[in-house]
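Subject: Structure handover

Hi,

Here is the structure I promised to pass on to you. Have a look at it first, and then read on for what I found.

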Amino acid sequence: MSTDAERVVIVGAGLAGLSCGLLLAAEGIPFSIFEAADQVGGRVRTDEVRGFRLDRGFQVLLTAYPEAAELLDYGDLDLHPFYPGAFVRTGGRFHVLADPFRNPVDGGKTIATPVGSILDKGRVAQLRYRVGSGTLDDLWKHPETTSLNYLRQAGFSTSMIDGFFRPFFGGALLEPDLRTSSRMLEFIFRMFAQGDIAIPATGMEAIPRQLAARLPEGSIYLNTPVESIESSGVRLANGETAAARAVVVATGPGPAHELLPGITVPGTFGTACLYYSADNPPVREPALLLDSELTGPVNNAVVISNVSPLYAPPGAALISASTVGIPDVDDPELDRRVRDQLTGWWGDEVAGWELLRIYRIPDALPRQEPPALSLPRRPVRVNKNRYVCGDHRDNGSINGALASGKRAAEAVVADLRAG
């Protein structure tokens, strides 16, 4: 491999690395991205299996994310929104919890649902106002506690917390105990309130592919893992070296710590996602289905082909079922437990579904318990000419990954120009 001592090396072609590359390209700074996998995207990947599009774990884009809105062409992604609200299973059936500001008709029905009290639903409106007021910088300065303490202090009943917030935000944050920083809960709630929950028509991988397509040709090297960082650049797993003026590690927290042992990184939360094909969808709505009854391993499910028909071939439906944490059982047993739970929801038709794939994702999100976000933006500059980015440097979200990549690039540009 030819080397160029004037370039910047970015390790990892996930969202953070691609975001970093975009800003470096805009500033005219040459760079190379070395990616260990066979495609860009990091955790944001989509596999095609017999005409079905399977995201590697249930993932969505919140269109209100400011960094995503700035960097992405939403029209080109052909985004398909979810129903504004959720269907919550309690008392043996699903009940609609709609956003009354975006769906006034179903919002009126929400008042009568048995999830929480009328006072709880009024407090949701108060919460929406509180997290939507001021700037995002103002929000990150709010007092920090656990999400559970925050909700209790806001006056929500145990019924509302267990019936809605625990399955909804537990699924979004991948931990059911709601120990995550209240600042993260406020941020996510603000994003839900101000935009759509959506997926690109052809799968979540369309997001990193769009970013990669805007980078200089030949700047991304796939199937090229980096083994170590050297004084003059990086050493690749094949034994070659690549000289660089600066190195940006744009990986998850585990690999980042291996390459930069001095940095502090958080632990991670995991999830399992099972995909099933069916001749007919068990429900017709493009809605997130939440389980508050704790009858099995599934926290949330969705007929993803109801949201975007291109996720399934004509005449078929694609169902996604996700867990919080990764059950310590083998795939056949996990499949059996999930089917048992979903049979309680939709009856014997579940037995006829075909299991397409199970994804076990141990490092799906960084842990963010207080005081994790007491400093909402952790340093991206490690030492002279060494930088790190990823959602573990900002917050566990697509927005956090994009923002940290941008911050790392800004630090690189400032340092290189300062000499």
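This is a predicted model: local features need pLDDT of at least 70, side-chain atom pairs count only at pLDDT 80 or more; totals for chains, interfaces and linings use all residues.

- Arg43 and Asp391 form a salt bridge, with 3.0 Å between the closest N and O atoms. Arg43 sits in the loop between strand 2 (31-34) and strand 3 (46-49), while Asp391 sits in the loop between strand 21 (386-388) and helix 14, so the pair ties together parts that are 348 residues apart in sequence. Arg43 is partly exposed, with a relative accessible area of 36%, whereas Asp391 is buried at 4%.
- Asp47 and Arg357 meet through their side chains in a salt bridge of 3.5 Å, N to O. This pair links distant parts of the chain, with Asp47 in strand 3 and Arg357 in strand 19 (residues 354-366), 310 residues apart. Asp47 counts as buried at 12% relative accessibility, and Arg357 is partly exposed at 33%.

There is also a network of salt bridges that links Asp38, Arg45, Glu205 and Arg209.

Next, helix 14. Its 21 residues (398-418) should span 30 Å at 1.5 Å a residue, and the end C-alpha atoms are 31 Å apart, which agrees. Of those 21 residues, 15 are buried, so helix 14 is largely enclosed by the rest of the structure. Gly419 follows helix 14 and has a positive phi, near 85°.

Finally, the second largest pocket, which holds about 590 Å³ of space. Its lining is made up of 28 residues, and those nearest the centre are Leu97, Ala98, Asp99, Pro100 and Val124. Elements that give two or more residues to this lining include strand 7 (85-90), strand 8 (93-98) and helix 9 (182-194). Helix 5 provides the largest share, 4 residues. By class, the lining has 18 nonpolar, 5 polar and 5 charged residues.

Happy to talk any of this through.

Best wishes

Methods: Residues are numbered from 1 along each chain as its sequence is written. Side-chain values use heavy atoms; hydrogens and water are left out. The expected span of a helix is 1.5 Å times one less than its number of residues. Buried means under 20% relative accessible area, exposed over 50%, partly exposed in between (1.4 Å probe, protein chains only). On a 1 Å grid over the protein atoms alone, a cavity is a set of points where a 1.4 Å probe fits but cannot get out, and a pocket is an open set with protein on both sides within 12 Å along at least five of seven lines; lining residues have an atom within 4 Å of a point. Grid points are joined across faces, edges and corners, and a volume is the space filled by probe spheres set on the points. Ala, Val, Leu, Ile, Met, Phe, Trp, Tyr, Cys and Pro count as nonpolar, Asp, Glu, Lys and Arg as charged, and the others, Gly among them, as polar. A salt bridge is a side-chain nitrogen of Lys or Arg within 4 Å of a carboxyl oxygen of Asp or Glu.
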